[in-house]
Amino acid sequence: MNNSQIEELKAIFGDSEVLSDVEDMVAYSYDASHAEIQPEAVVFATTTEQVSQLMKFAYREKICVTPRGQGSGLSGGSVPLKKGIVLCMDKFNKVINFDPANRLITVEAGLTTSEIDPIAAEANLFYPPDPGSVAFSTIGGNVAENAGGLRGLKYGVTKDYVKMMKVVLPQGDIVTLGNKCVKHVAGFNMEGIFVGSEGLLGVMTEITLALLPIPEHRESALAVFETIDGAAQAVSDIIAAGVTPSTMEFMDKATINAIQNFKDCGLPCDAAAVLLIETDGNKSAAIADMAKVEIQVAKNDCRDFSRAKNTAERDTLFAGRRIALNALASVKPNLILEDATVMRSKLPEMVRGITDIAAKYDIQVGIFGHAGDGNLHPTFLIDMQDKEEMKRTEKAIIDLFQLAIDLEGTISGEHGIGLEKKAFLKNQIGGEGIALLQNIKKTFDPLNLLNPGKMFDMPDEKSV
Ligand SMILES: Cc1cc2nc3c(=O)[nH]c(=O)nc-3n(C[C@H](O)[C@H](O)[C@H](O)COP(=O)(O)OP(=O)(O)OC[C@H]3O[C@@H](n4cnc5c(N)ncnc54)[C@H](O)[C@@H]3O)c2cc1C
């Protein structure tokens, strides 16, 4: 970008909200995946009008723009593949309106996810989607990736809570999509197309989310298993028994040991696997549900079942789960975290399949994740400098995705396609599916300037 273009950006955003020095670009060149490409400029938006002016400028000058929340994405979504401008949304972060009577909250897209609950709690409400990154990811990033979380089994994922949004389209037009009413069928479900759009179709600036009443009571327990198969089968059996826990998190031996070496969270290092389970609702229902859970785990090699006696004990159990990724990251120089997902009835097959793949290619793997909704995170622990190990890992990942597809599952349950899984999307949705996505992208963004090269290539685009 030339000096006059940078000056024009400063006129839109103000001098202090535009970066263009080479050394400043490094921090905006990567997310939590492995891709790294430096942009030519970084801008910080605080109004929808600024975003609109930016997109009009970008279209006139034919410069690519990549929206960025907090860069915690695990699929390369906010990495500026074709350089250009990174549009940072993290200062665009106010609460616009809290409406307890309608159980709604309207926020700017850059608000950190965990900032909603303290506000909602004032009216005994909460925002159910709680990705592991809740303390630092943004609502805009969550909607763009359709983020899931620990409560997905009972409460669903981000898409289930998005009511309305303000969006700046790639050529700068501002539209409001969706509605605050419980029912709304005037036109296509356009807000829905932006959920999981990975920053390819427009920039969300304001988002209205639904809230739910905080459950009266919750019961938390840790089930310790002698076999990994037993833990996987217990997940299926608990749901088949008619219980829908709010959380059912799985951690295998490798993950448990990584956590305990990282920080003592009281997990048993000799167990084959554990399930962290929570039931909630009114007090008697939550307690009765947990009793049914105990019966099901006992049938599946569970050697110990302990209920948290108080909030402190519960918090310690959950702390272990929340640091699982960081703990695994400390085991080897690098890791590749996947989120292939299957229907929960196929979880035992999926866990066996992942273990077999790791053995076949002689790669260390830690498995943890949201087992209740079939969304595991097989995490390959590797050294990327070891070329031979990398080749084996690449083959293992291809097998893993194929396994998920063969089991009627999906290559991504919550992290999105971005750059990391782009090569595999066709296997999942077919050539016709890719063509449909390309046509939608072309309708919104005819010059392919908003976050180009992610999820799929356009027909005339060179694959990266
Ligand atoms: C430790 C850790 C734990 C995690 N746990 C989970 C988990 O449990 N569940 C889960 O789903 N994910 C998880 N993630 C992944 C990640 O946090 C989520 O994908 C999150 O939604 C990304 O939010 P972000 O603000 O960091 O977005 P970014 O990474 O900055 O961007 C993600 C995508 O959204 C687009 N985008 C961002 N803001 C906007 C906007 N306003 N308008 C349009 N497009 C936009 C970007 O272009 C990009 O394509 C985890 C990540 C880490 C590092």
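# Chat about the ligand shell, strands and cores

Modeller: In the shell around the ligand, eleven residues are nonpolar, 20 polar and five charged. Here Ala, Val, Leu, Ile, Met, Phe, Trp, Tyr, Cys and Pro count as nonpolar, Asp, Glu, Lys and Arg as charged, and the others, Gly among them, as polar.

Biologist: What sort of model is this, and how are residues numbered?

Modeller: It's a predicted model, where local features need pLDDT of at least 70, side-chain atom pairs count only at pLDDT 80 or more, and totals for chains, interfaces and linings use all residues. Residues are numbered from 1 along each chain as its sequence is written.

Biologist: OK, which of the residues around the ligand come nearest?

Modeller: Of the 36 residues there, Gly-69, Gly-77, Gly-140, Gly-141 and Gly-199 come nearest. A residue is near a molecule if its C-beta atom, placed from the backbone, lies within 6 Å of it.

Biologist: And where does the largest share of that shell come from?

Modeller: From helix H5, with five residues. Strand S3 (65-68), H5 (139-145) and strand S10 each supply at least two. Helices (H or I, at least four residues) and strands (E, at least two) are DSSP runs, numbered from the N terminus.

Biologist: Let's stay with S10. Which way do S8 and S10 run?

Modeller: Antiparallel, with six bridges joining S8 to S10 (residues 203-210). Val-167 stands opposite Met-204 in S10. Two strands pair if DSSP finds at least two bridges between them.

Biologist: How many bridges join S8 to S9?

Modeller: Five, and those strands run antiparallel too. Met-165 has Leu-177 in S9 as its bridge partner. The hairpin of S8 and S9 has five residues between the strands, and Gly-172 takes a positive phi near 100° there.

Biologist: Is S8 (residues 162-168) mostly covered or mostly open?

Modeller: Mostly covered, since six of its seven residues are buried. Buried means 20 or more other C-beta atoms within 10 Å of a residue's own, exposed means 12 or fewer, and partly exposed is in between, with C-beta atoms placed from the backbone.

Biologist: New topic: what about S17?

Modeller: S17 (residues 364-370) also has six of its seven residues buried. Two bridges join S13 to S17, antiparallel, and Met-251 has Phe-368 as its bridge partner in S17. Phe-368 is also the bridge partner of His-377 in S18. S17 and S18 (residues 375-382) pair in the antiparallel sense over seven bridges. Their hairpin has four residues between the strands, with Gly-374 in the turn at a positive phi of about 75°.

Biologist: Which residues have the most contacts inside the largest nonpolar core?

Modeller: Ala-223, Val-274, Leu-275 and Leu-400, in a core of 60 residues. A second, separate core of 53 residues includes Val-51, Val-162, Leu-211 and Ile-417. A nonpolar core is a set of buried Ala, Val, Leu, Ile, Met, Phe, Trp, Tyr and Cys residues joined through C-beta atoms within 7 Å.

Biologist: Last one: is Tyr-30 buried, exposed or partly exposed, and why?

Modeller: Tyr-30 is partly exposed because 18 other C-beta atoms lie within 10 Å. Tyr-30 sits in the loop between helix H2 (22-25) and strand S2 (41-44). Leaving aside neighbours within four places in sequence, Tyr-30 is in contact (C-beta atoms, placed from the backbone, within 7 Å) with Ala-35, Glu-36 and Val-79.

Definitions and conventions: Contact = placed C-beta atoms within 7 Å.
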